[in-house]
Amino acid sequence: MAQFRAACSAAPDDEGFREVLERVSAASAEFRRLWAERDIEDAGQIRKELDHPLVGLLVLESTALKVPARPDLMIVLHTPLDEANSAAKLEWLASPEGRRGAMYPVAG
């Protein structure tokens, strides 16, 4: 939320940000509550936990880097952390066996 607010404040006249803000505010009381806190945080490093349908929990560090020549662009790197054997799970997903496994529906 704080990063979204920072992005919005960097482009106050952006109609896309305004539209997202209006739609999500109308749909979510939690969003309205968090938006009212007025936190601002530039993108940087954050921890992400994802529940992948084939391999389960993935724990990643997400690093956002601004492109100096193009302030409207950002590069986001996702680095697997040691927790939950994330690197090995990602390697398996990228393997021929993992790619074949992704072609079949997963129960649940």
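Is Arg 23 buried or exposed? At 59% relative accessibility, Arg 23 counts as exposed, where buried means under 20% relative accessible area, exposed over 50%, and partly exposed in between (1.4 Å probe, protein chains only). The model is predicted, so to speak of local features requires pLDDT of at least 70 and side-chain atom pairs count only at pLDDT 80 or more, while totals for chains, interfaces and linings use all residues. Residues are numbered from 1 along each chain as its sequence is written, and side-chain values use heavy atoms, with hydrogens and water left out.Salt bridges (a side-chain nitrogen of Lys or Arg within 4 Å of a carboxyl oxygen of Asp or Glu) come to a count of 5. One of them joins Glu 19 to Arg 23, at 3.0 Å from N to O. These two residues sit 4 apart in helix H2 (residues 15-27), and are therefore separated by about one helical turn. Helices (H or I, at least four residues) and strands (E, at least two) are DSSP runs, numbered from the N terminus. Glu 19, at 39% relative accessibility, is partly exposed. Another salt bridge links Arg 33 and Glu 37, with 3.3 Å between the closest N and O atoms; Arg 33 is partly exposed at 45%, and Glu 37 is partly exposed at 41%.

Turning to the strands, S1 (residues 45-52) and S2 (residues 56-67) run antiparallel and are joined by 8 bridges, pairing being assigned if DSSP finds at least two bridges between two strands. The two form a hairpin with 3 residues between them. Arg 47 has Glu 61 in S2 as its bridge partner, and the side chain of Arg 47 also meets that of Glu 49 in a salt bridge of 2.5 Å, N to O. A network of salt bridges links Arg 47, Glu 49 and Glu 83.
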